[in-house]
Amino acid sequence: MGINRLNFFKVLGLTGASLAFGKKLNASQEKGKLTGYKKEKEKEFVGVLYDSTRCVGCQECEIVCAKEHGLPEPDPDDYPTTEVVRKSNENRRTVINAYNTSKGEVYAKMQCMHCNEPACGAACLTEAMHKTYEGPVIWRENKCMGCRYCMISCPFDVPKFEYHSTNPEIVKCTMCNERLQEGGIPACVENCPAEALMFGTRKELLKEARKRIVENPDLYYDHIYGEHEAGGAGFLYLSPVPFKEIGFKTNIQNKSYPSLTKGFIGAIAPVDILLPAALLGIYEATKSNKTKTEDEQ
Amino acid sequence: MSQAINVQSKEKRENKIWPFILSELKPKGKIFTPFNIISAPIMLVGIIIIFLRFWNGIGSVTNLSQDVPWGLWIGFDVVTGVAFAGGAYVLVFLVYILNMEKYKPIVRVTVLNGFLAYLFYSGALLLDLGRPLSIVNVIIGNNFGVSSVLFLVGWHFLLYMLALFLEFSPAIAEWLGARKLRKALSGLTLAAVIFGITLSVLHQSGIGALFLMAKEKIHPLWYNSYMPLMFVVSSVFGGISMVIFEGSISHKVFSDQFEEGSHEKHNSILHGLSKICTGGMFVYLFLLVLIFVHEQNWQYLSTKMGLWFLVEVIGFVLLPMILFYYSYRNKKILWIKVASIMTLVGIILNRMNVSIIAYKWDAVVRYVPDWKEFIVTFTIILIEIWVFRWIIRRMPVLRKSPSWVKDSH
């Protein structure tokens, strides 16, 4: 068991090649990133603006969402009250909750935020969780292996899992991606009787949200939830009270969540390439020691 | 003439290989030992539960929920188990890279342990996957989620299993009496070692990196951006503690496999390992204090979770470190073993804290594993021990290589 000069050069050559190749790979990734960035600039993601000052808590969005996605019909006895916090689950992708606030009872709709850089998408190792070019974050059945890493990673705890199925699916709001493909708008937006929901590009929606705040500064709390949270999200929120009062997570960071793992992932390729070379070097160095001591003996 | 005999004997060998393997499959030794009598029913129940899991879904046998998607099967079997298997990469580094011949007698058994651990942990992982068949998506590469930490962990995991198998394969060749094959396989050892260590460093740290995106969900005393580094460092002394613990048991249980005088040799190995553990734990504690001060975590210490944190760090890192150092200085082999067990408890605490206990620590309803989850975990460990025992009784792992091997392990 040993390494002769020829082998050594072979390994050296391979290391060199992988270094060169690795660099090339990095370069092309860099390029990809750039074009990705450009794409983002060229085309604004679509999203939905939810105005909780307009919402009347009628649950129409819950009902049409269930119908649209073939989920069980919502239980009529299960309506938003200030006593319980209802949560989305494998049978409902969106819920309305009522909160007692400093400005009376306020409703808040919860569903997937459709982040610009979704943590679930970065977590998914099969690319089942996918941010589409248009903006919705969708789940693709044929790719998912059910590891639930998306659920660990999502800062909003959105993805739900069918624990009692033998072929479980991840359930989450898809912003009605199929309807969007056919030129439609999300079912909840289309059917909201109070016009609390509005569909459009993020840019338009942010403009509209700012306009509403400026025109009615007494009505609105001066913050658009989703503008910066988690690096920006597709769902944007307006509220009459601070968002903490209506059950929103206010400890969400403004940097995107995938940025938390970027440093680690970036370090993998260099370590994969340089560490074997270093180990081989140490091996060579200590081997000569060993043969020396053997000679002395 | 002699050539003809050679050919003949070769044919003979080839004709004998399958009957040989079949005869080796039969159990050796007593069947009704206390260990077997206790472990067999547990394994039977465990296998029934595994069957139920595939029949009715994961929710039917676990207490997992929409809020707690990863439970005991990931937190203990995978996250903790991988740290325990870290001994394999540390020892091959000592023996093959640093050429420390002293540790050579235990390298083969450690590599075997590592390989079996990975084999069974990935088995446990498959139980936990909702759609296990789709795992081929990651392997055949129609969907490479290269931005995913889990993707990198998975691939490094897979390749490392191959490296461990290659490192162990000369023992299989010796068992089969395949001289040429052994020569070829042992020629691959160095390459397997070098890539194995690299893959290990990356997936050990990767398991820490898995939780980086769960920033607000893990208690700030455990969550920090240095988790990958901390996981690698703790896998060094965690893995070695497992080697000490497992070696001490093997020396009793498989005493027939050892030559005379190996006991003293083993003690001297343990003595050396205790020094490495002391060093590793010192580095770990040093980093821990740095992170603690840097993140300004004083405020949490007076809380319940803070106390729990102190139990982990003082009781099961600092204390065993002092014990390792003390027993290294005074050559107290028994205390080395005690320290190794305390360290193992510390690793379990740390990994369970990050993945389960400090994960959504403030939730109203906390996750407590179902008894069925425990049984399945025990079943996996027990099957692993059974396979380990089967191999030890047959292959030259603890005992010396056959006489025809020149560079005996």
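1. Among contacts in chain B between residues at least 6 apart in sequence, 80% link residues at least 24 apart; two residues are in contact if their C-beta atoms, placed from the backbone, lie within 7 Å. For chain A the corresponding share is 60%. The model is predicted: local features need pLDDT of at least 70, side-chain atom pairs count only at pLDDT 80 or more, and totals for chains, interfaces and linings use all residues. Residues are numbered from 1 along each chain as its sequence is written, while chains are lettered from A and ligands numbered from 1 in the order in which they are written.

2. Chain B contains 14 helices and zero strands; helices (H or I, at least four residues) and strands (E, at least two) are DSSP runs, numbered from the N terminus. Read from the N terminus, its elements are accordingly α-α-α-α-α-α-α-α-α-α-α-α-α-α. Chain A, by comparison, has eight helices and nine strands.

3. As to overall dimensions, the C-alpha atoms of chain B occupy a box of roughly 85 × 55 × 45 Å along the principal axes.

4. A residue is buried if 20 or more other C-beta atoms lie within 10 Å of its own, exposed if 12 or fewer, and partly exposed in between, with C-beta atoms placed from the backbone. By this criterion 45% of the 409 residues in chain B are buried, and 37% of the 297 residues in chain A.

5. Helix H9 of chain B (residues 189-209) is mostly covered, with 19 of its 21 residues buried. Its end C-alpha atoms are 29 Å apart, which agrees with the 30 Å that 21 residues should span at 1.5 Å a residue. The expected span is 1.5 Å times one less than the number of residues.

6. Helix H7 of chain A (residues 202-215) has 14 residues and extends 20 Å from its first C-alpha to its last, close to the expected 20 Å. Which of its residues are buried? They are A:Arg202, A:Leu205 and A:Ala209. These residues lie on the same side of H7(A), because they cover an arc of only 65° around the axis; the arc is that of the directions from the helix axis to the C-beta atoms. The buried residues pack against strand E1 (46-51), strand E8 (197-201) and strand E9 (235-238) of chain A. On the other side of the helix, A:Lys203, A:Lys211, A:Val214 and A:Glu215 are exposed.

7. Between the chains, 50 residues of chain A are in contact with 49 residues of chain B. On the chain A side, helix H3 (119-123), helix H4 (149-153), strand E6 (160-161) and helix H8 (259-296) each supply at least two residues. The largest share, 16 residues, comes from H8(A). By type, this side of chain A divides into 30 nonpolar, 12 polar and eight charged residues. Here Ala, Val, Leu, Ile, Met, Phe, Trp, Tyr, Cys and Pro count as nonpolar, Asp, Glu, Lys and Arg as charged, and the others, Gly among them, as polar.

8. The largest nonpolar core has 182 residues, of which A:Ala123, A:Cys150, B:Leu91, B:Val92 and B:Leu150 touch the most other members. Helix H7 of chain B (residues 149-176) gives the most to this core, with 13 residues. Such a core is a set of buried Ala, Val, Leu, Ile, Met, Phe, Trp, Tyr and Cys residues joined through C-beta atoms within 7 Å. Leaving aside neighbours within four places in sequence, B:Leu150 is in contact with A:Ala123, A:Leu125, A:Cys147, A:Tyr149 and B:Leu210.

9. A:Arg148, in the loop between strand E5 (137-139) and H4 of chain A, has a positive phi of about 70° although it is not a glycine. A:Arg148 counts as buried because it has 26 C-beta neighbours inside 10 Å. B:Asn99, in the loop between helix H4 (87-97) and helix H5 (104-128) of chain B, has a positive phi near 55°. With 18 C-beta neighbours inside 10 Å, B:Asn99 counts as partly exposed. B:Arg131 lies in the loop between H5 and helix H6 (136-141) of chain B. Leaving aside neighbours within four places in sequence, B:Arg131 is in contact with A:Cys144, A:Met145, A:Gly146, A:Asn167 and A:Pro168.
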